[in-house]
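Please keep the sequence and the 3D view open as you read.

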Amino acid sequence: MIRASEDYYKSLVERLRKLPTEMEWVEFKCNNENVQMIGEYISALSNSAALNGKETAYVLWGIDDATHEVIGTEFSPAKTKKGNQELENWLAGLTSPNLDFAFTEVMMEDKKVVVLEIPKATIRPVSFGGTEYIRIGSYKKKLKEFPEKERALWRSFENTAYELRTAVSNVTEEDVTALLDCAAYYTLLKLPLPTNRSGIIHNMLDEEFIREMDNGNYEITNMGALLLAKNLNDFRNLKRKAIRVIQYKGNGRTHALREKVFTKGYAVEFDDICDYINTLVPQSEEIESGSRIEHRMFPEKAIREMVSNLIIHQQLDVRGAGPMMEIFDTKVEASNPGGLLVDVNRIIDTAPHARNESMASFLRMARICEERGSGFDRMEEGMSDLKIPAPKVETGDDFTRTKLYWYPNLKDWKKEDRMRTCYLATCYYYVNEIDVSNSVLRGRFGIDEKNKALMSRIIKETLNAELIKIADPTAAVKLRKYIPYWA
């Protein structure tokens, strides 16, 4: 992240001083060091900033609240403690959800001013010590006492997607092109690169990768940074969103062989991420005509879809968690924060639900992903080609995990793998209007006709689990067709 300079804070203080009065998102103080009060103002101003469409709220110590003159302050956040705890740590521990607030000291007219920057509430009202506060005019009140404000605050969280919120603000045109790989944008869309910076800025504004500020500088949105960043570490709140790839020895997590974090924007580095993972995917060996032939255990199309799903379906507002790919000896796992948006058993036939719609739209234009809900279908196609189990998806309130398994022979498959593959193959064929018979399913599993009794046992297991059903119960056994339980 660009660390704001002293000049920036001086300019910020001057702009805030010019406000006619204290605002619902700005508070002026002199030497008030009451730590409980500071915590309550963090809650109140964060919530009020969200209601007023402001990205950041402020408390300024050293400014007279009536005249807005610089009077200086003796307050020092770094030296202030609550018990044995430093002030920031104590405040952070009682603030929920976590906020990336920050204190900064700046000298104005040889007098010290302290600036507290408070991000706006984004996913739910911010509380301090279990109580939510709000500003009503220049007064701090408990939010529950103003139900109409509380309803409006909740509505505000639905209006701005995380991807369109601000990643970094007050940057110049030069900073935009220094932080974002704008050339990659034109390469991905197969467009000519403009001859001047103003043309680039115009396109970045159109895509909502950046926004113009009132002072003529720019804000880079989370989407702009996540897709085109030259280095995500330059964006303090996004560096944990970089894709991690870890390779392990064996099928457990006790012995990591290597780990790599891809710190460029997703669109910039997508192909490199997929290529890197495919180099780590284990290969099996077969002897054909006296020669040893190596085969990749997992299909490239499945790996590509896993990576694209990580990007467009992750819940970006989950702090401290990001997308991760893990490669083991005989399996590959992809994990991302945020639960699955559809029923896990309807993942093939349900219409697409992209959690990050703006990013998904751009990645579709760049031919990196699709928005047709066909990603899982493609994964199943790839697994079918190699005659290995269908992908397994696990989900909860705060995570989604996709797993690919490899076995040398069908006899090594677990019962769960057989039933899941039979069910998902039936779903795939059904939505593609292909009649599902014993013969068709044998092709998916790679079972010879002479072993069709084995396929019959797998079908029976899946029928007993009520994952599939017979299309026409009156049909002779040899003529039976199968459909998903929901058909």
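What follows looks at a helix pair and then at some backbone details in loops.

A word before we start: the model you are viewing is predicted. Two packed helices are described by the angle between their axes and the distance between the axes. For helix H12, residues 375–386, and helix H13, residues 415–431, the axes come within 11 Å and cross at roughly 115 degrees. The crossing of H12 past H13 is left-handed. On the H12 side, the contact is made by Phe376, Asp377, Glu380 and Glu381, while H13 brings Leu424, Ala425, Tyr428 and Val431. By residue class, this contact of H12 with H13 holds five nonpolar residues, three charged ones and no polar ones.

Now follow the chain into its loops. Pro97 sits in the loop that links strand S5 (95–96) to strand S6 (102–108). Here the peptide bond from Ser96 to Pro97 is cis, with omega near -10 degrees.

Next, turn to the loop between helix H11 (357–365) and H12, where you will find Arg367. Although Arg367 is not a glycine, its phi is positive, at about 60 degrees. Is this residue's side of the story one of burial or exposure? Arg367 counts as partly exposed because its relative accessibility is 48%.

Our last stop is Glu466, in the loop between helix H15 (452–464) and strand S22 (468–470). Glu466 is not a glycine either, yet it has a positive phi of about 60 degrees. With a relative accessible area of 62%, over the 50% cut-off, Glu466 is exposed.

How values were computed
Residues are numbered from 1 along each chain as its sequence is written. This is a predicted model: local features need pLDDT of at least 70, side-chain atom pairs count only at pLDDT 80 or more; totals for chains, interfaces and linings use all residues. Side-chain values use heavy atoms; hydrogens and water are left out. Axes are lines fitted to C-alpha atoms, for helices over the stretch in contact, and angles run from 0 to 180 degrees between N-to-C directions. Helices (H or I, at least four residues) and strands (E, at least two) are DSSP runs, numbered from the N terminus. A crossing is left-handed if the near helix is turned anticlockwise from the far one by less than a right angle, and right-handed if clockwise. Contact means heavy atoms within 4.5 Å. Ala, Val, Leu, Ile, Met, Phe, Trp, Tyr, Cys and Pro count as nonpolar, Asp, Glu, Lys and Arg as charged, and the others, Gly among them, as polar. Buried means under 20% relative accessible area, exposed over 50%, partly exposed in between (1.4 Å probe, protein chains only).
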